[in-house]
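Please find below a short note on the structure under review. It is arranged as numbered points and may be read alongside the coordinates.

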Amino acid sequence: QFNSTSAGADSLVLDFGDGTFNTLNVINPVHTYLIRGPVVVTLTAYNYTTGCSHSASASFTIAEPIASFSAPPKGCYPFTPTFTNTSQDASAFWWNFGDLATLADTDVVANPTYTYNTPGQNIVIFIITDVNGCKDTITQMITVNPSPTAEFTASPNPAFMGQNVNFTDQSSGAATWYWTFGDSANSTQQSPAHSYTLGGTYSVMQVVTNSFGCTDTIWHTIV
């Protein structure tokens with residue numbers, strides 16, 4: 001609603017700034033805006049006796065805050081997603097990342113990153129505020145899956161050429177295993193054995209993967 005404080009006017013014309021006008025001499029008209037963005041409203045008062053007119057303008061912004069963001073819905077611990085703001089008409093931001101392991105899980109920037117150090121499900125709350133103080137809120141679930149831990153032992157170490165070296169898996173949370181023995185050979189057994197035909201020092205790699213597709217890698221040296 002627009003409230004006129006004009007004095008001495010015989011006629012009032014109000015330009016609503018969206019291409020429409022009030023010419024019915026309504027002192028305090030009500031107008032509905034169907035556009036978004038900055039608006040300049042101009043009121044012109046006419047005095048028929050003097051033939052004079054005077055105009056006054058006011059500006060404001062029509063906003064409709066709609067909160068939205070994008071982020072990967074799941075990842076492997078430790079998980080550091082980037083939250084990308086895709087909101088409409090937002091001028092201020094507040095995030096709560098839903099991490100129950102800490103109270104320091106909030107931010108006020110538009111596009112934050114956050115590291116989850118505990119597996120689990122986290123409800124992210126995103127609140128935006130527009131220039132007029134109006135707010136909108138959206139939530140999204142972020143799932144942090146547990147990661148396996150790679151580890152193994154090798155015996156004997158050191159070993160002789162042609163002697164079998166037994167690699168014993170000591171990983172946790174693994175569903176599959178992949179080994180490279182440093183001499184172009186590899187294996188997918190859980191605890192393989194391998195012999196070396198040439199002397200030297202070899203870097204053996206174990207990659208473990210769990211049922212969520214999360215991985216971990218470790219290297220040990222065989223002499």
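1. The protein chain has 18 strands and zero helices.

2. Overall dimensions. Along the principal axes, the C-alpha atoms of the protein chain fill a box of roughly 115 × 30 × 25 Å. The radius of gyration is 34 Å, whereas a compact globule of 223 residues would have a value near 17 Å.

3. Burial and surface. Of the 223 residues in the protein chain, 31% are buried, where buried denotes a relative accessible area under 20%.

4. Contacts along the sequence. Considering contacts between residues at least 6 apart in sequence, 52% join residues that are at least 24 apart.

5. Strand β17 and its cover. How many of the eight residues in strand β17 are buried? Six of them are, so that the strand, which spans residues 202–209, is mostly covered.

6. Pairing of β17 with β14. Strand β14, residues 176–180, runs antiparallel to β17 and is joined to it by five bridges. Within this pairing, Trp177 has Val208 of β17 as its bridge partner.

7. Pairing of β17 with β18. Which strand is joined to β17 by eight bridges? It is β18, residues 215–222, and the two strands run antiparallel. Here the bridge partner of Ser203 is Thr221 in β18. The hairpin of β17 and β18 has five residues between the strands, and Gly213 in this hairpin takes a positive phi near 85 degrees.

8. The largest pocket. Its volume is about 210 Å³, and 16 residues line it. Nearest the centre of the pocket lie Phe2, Asn3, Leu14, Val41 and Leu43. The elements giving two or more residues to the lining are β1 (11–15), β3 (37–47) and β4 (52–62). Strand β4 provides the largest share, with four residues.

9. Summary. The note describes a predicted model with 18 strands and zero helices. Strand β17 is joined by five bridges to β14 and by eight to β18, while the lining of the largest pocket draws on β1, β3 and β4.

Key: Residues are numbered from 1 along each chain as its sequence is written. This is a predicted model: local features need pLDDT of at least 70, side-chain atom pairs count only at pLDDT 80 or more; totals for chains, interfaces and linings use all residues. Side-chain values use heavy atoms; hydrogens and water are left out. Buried means under 20% relative accessible area, exposed over 50%, partly exposed in between (1.4 Å probe, protein chains only). Two strands pair if DSSP finds at least two bridges between them. The radius of gyration is taken over C-alpha atoms; the globule rule is 2.2 Å times the number of residues to the power 0.38. Contact means heavy atoms within 4.5 Å. On a 1 Å grid over the protein atoms alone, a cavity is a set of points where a 1.4 Å probe fits but cannot get out, and a pocket is an open set with protein on both sides within 12 Å along at least five of seven lines; lining residues have an atom within 4 Å of a point. Grid points are joined across faces, edges and corners, and a volume is the space filled by probe spheres set on the points.
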